[in-house]
Amino acid sequence: MNYWWRLRGSLNSLIKKGGPFMNLGLSILSLARFQFAMTTVFHFFFVPLSIGLAFVVAIMETNYVIKKDVMYKHMAQFWGRIFLLSFAVGVVTGIIQEFQFGMNWSDYSRFMGDIFGAPLAIEALVAFFMESTFIGLWMFGWDRFNAGIHCAFIWLTSIGTMISAMWILAANSFMQNPVGFMINAKTGRAQMTSFSAVIKNPQLWYELPHVLFGAFVTGSFVVAGMAAFALLKKRNVQFFRKSLKVSLIVGLLATIGVVGMGDLQTRYIIKEQPMKFAATEGLYKDSGSPAAWSVIESMDTKNHKSNWSIDVPYVLDILSYHKLSGNVKGQNTLNKELHAKYDKKFCKDMNYYVPAKTLFWSFRVMAISGGLFALIAIVGLIFNRASSDLIIRQRWFLWVLGICTFLPFAANTAGWFITELGRYPWVVYGLLTIADAVSPNVSVASLLISNIVYFCLFSGLGVVMIVLSRRALHHGPDDLLQATDDAPYDPYGKGAFSHE
């Protein structure tokens, strides 16, 4: 502990003297924002993965119960190992994320505590308790319950992960669209006046399905990608071809859901957060009617203008209004409107421009990913049909599918960038700015050290997750396929993650 205080004191001394940290542009606000981004993005790697894997495993076990094909049971057990790994890492990263909330954003916690606390408490006491209980019964109950009851355990676990996401997103949706509250004149804090209004928040019911479908895409394409890597080695071909079929069907249907809900959410954002939408489309000036869609664009964010772009006529109107006409307001117009609305409450020097380049390219990462997921799923199902062994002979496609193991994480991160950065400069839209939400007592030194510690910890957890998943795939399902039906099953038993 003495070393911590000495290091912190030395760093503070350097900072006060205008040392190298000042030259790097480090500040409490920038470091706190970086830490929130780092912990949130890393945690959000594993949340959709565990939700999606639980859903895919539940479908596999349901096939076993209905079809009485023991291969589906072994598939549920094998891919369940990857699910359990993702769930464990997700819990650890979630704890770290909550810790940094209290450490770096205490003024936000004071302002939002009466509202933010209720959904989080319900999530912990109901949803997480449900997940933890039934995941334990599912892990160690294979030889203790009949097939139907045991299958119900994984479905209850899967439903629990979705309910957990709902409560977390209920809190986040309030930050995007505050409803059902009042500001206490004495304390200046937000107080909930209607719990039902918080739950009925339109933002929640556009955001939640989009996130869940994205999670199903993540889980299904991780299974498909890992199965493709196994098929490249031509080991347990029947097992991995069946895994591939189930995962690609789920992935295709989930991709359709993502695109559909993304369209509905986009049309909602046009009305409620038009600055966010204008940034995703690279609009600084009003589009006029008909509105063209920019495929790529060079922006001058300092002077708030577009240098050049490659446009497709009418497409922005189709995306925005589902018709061939309609004007979309640009960021310059919206900035003036926001100043007129909020200058009395906030200072006139407020900057309402969001990080346009990040949002513009993040939206295109999402859109391109959605198209690729659908195309790859369709081609994969054609190649993998039962009457053909084309999937084994098309090694190039197996490599493409294997690389797609990682694509959902990029798409999810891009979506989260749009959700969170598009709210700038507020942490609670129209009520509390990011700058006003930072803890007053943290220092640059403590934030710098904690950022380094968290980064190392997250990197270590990521390496452990990848190494153990790779070992499980390399080991394969041989121990499951060779075991008798009445043999006890331990998902973390000897050999499950063997490197031999």
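1. A crossing of two helices is called left-handed if the near helix is turned anticlockwise from the far one by less than a right angle. The model discussed in this note is predicted, and in it helix H8 passes helix H16 in a left-handed crossing of this kind.

2. Two packed helices are described by the angle between their axes and the distance between the axes. For H8 (residues 202-232) and H16 (residues 407-421), the angle is about 160° and the axes are 9 Å apart. H8 is therefore roughly antiparallel to H16, since angles over 145 degrees count as roughly antiparallel.

3. The contact between these two helices can be described residue by residue. H8 contributes Glu207, Gly214, Val217, Thr218, Phe221 and Val222, while H16 contributes Pro408, Phe409, Asn412, Trp416 and Thr419. By class, the residues of this contact are six nonpolar, four polar and one charged.

4. With its neighbours within four places in sequence left aside, Val222 is in contact with Leu49, Thr405 and Phe409. Between the C-alpha atoms of Val222 and Asn303 the separation is 42 Å, and these residues lie 81 residues apart along the chain.

5. H3 passes H6 in a left-handed crossing.

6. On the H3 side, the contact with H6 is made by Ile51, Ala54, Phe55, Val57, Ala58, Ile59, Glu61, Thr62, Tyr64 and Val65. On the H6 side, the residues include His150, Cys151, Trp155 and Met162. The contact of H3 with H6 divides into 14 nonpolar, five polar and one charged residues.

7. Aromatic rings pair if their centres lie within 6.5 Å, and by this rule the count is 36 aromatic pairs. One of the pairs is Phe78 with Phe240: the ring centres are 5.9 Å apart and the planes stand at 85°, so the pair is edge-to-face. This pair links distant parts of the chain, with Phe78 in helix H4 (residues 70-104) and Phe240 in helix H9 (residues 237-272), 162 residues apart. Both Phe78 and Phe240 are buried.

8. One aromatic cluster is formed by Phe42, Phe45, Phe46, Phe409, Tyr454 and Phe458. Phe409 in this cluster is also among the H16 residues that meet H8.

9. The bond from Ser289 to Pro290 is cis, with omega near 5°, and Pro290 lies in the loop between helix H10 (274-280) and strand E3 (293-300). The bond from Tyr424 to Pro425 is likewise cis, with omega near 10°; Pro425 is found in the loop between H16 and strand E5 (426-428).

10. Positive phi values also call for attention. Asn236, although not a glycine, has a positive phi of about 50°, and this residue lies in the loop between H8 and H9. Tyr314 is not a glycine either, and has a positive phi of about 70°. Tyr314 lies in the loop between strand E4 (305-312) and helix H11 (315-321) and is partly exposed, with a relative accessible area of 40%.

Terms used. Residues are numbered from 1 along each chain as its sequence is written. This is a predicted model: local features need pLDDT of at least 70, side-chain atom pairs count only at pLDDT 80 or more; totals for chains, interfaces and linings use all residues. Side-chain values use heavy atoms; hydrogens and water are left out. Axes are lines fitted to C-alpha atoms, for helices over the stretch in contact, and angles run from 0 to 180 degrees between N-to-C directions. Helices (H or I, at least four residues) and strands (E, at least two) are DSSP runs, numbered from the N terminus. Angles under 35 degrees count as roughly parallel, over 145 as roughly antiparallel, 65 to 115 as roughly perpendicular and the rest as oblique. Contact means heavy atoms within 4.5 Å. Ala, Val, Leu, Ile, Met, Phe, Trp, Tyr, Cys and Pro count as nonpolar, Asp, Glu, Lys and Arg as charged, and the others, Gly among them, as polar. Rings of Phe, Tyr and Trp (its six-membered ring) pair if their centres lie within 6.5 Å; planes under 30 degrees apart count as stacked, over 60 as edge-to-face and the rest as tilted. Buried means under 20% relative accessible area, exposed over 50%, partly exposed in between (1.4 Å probe, protein chains only).
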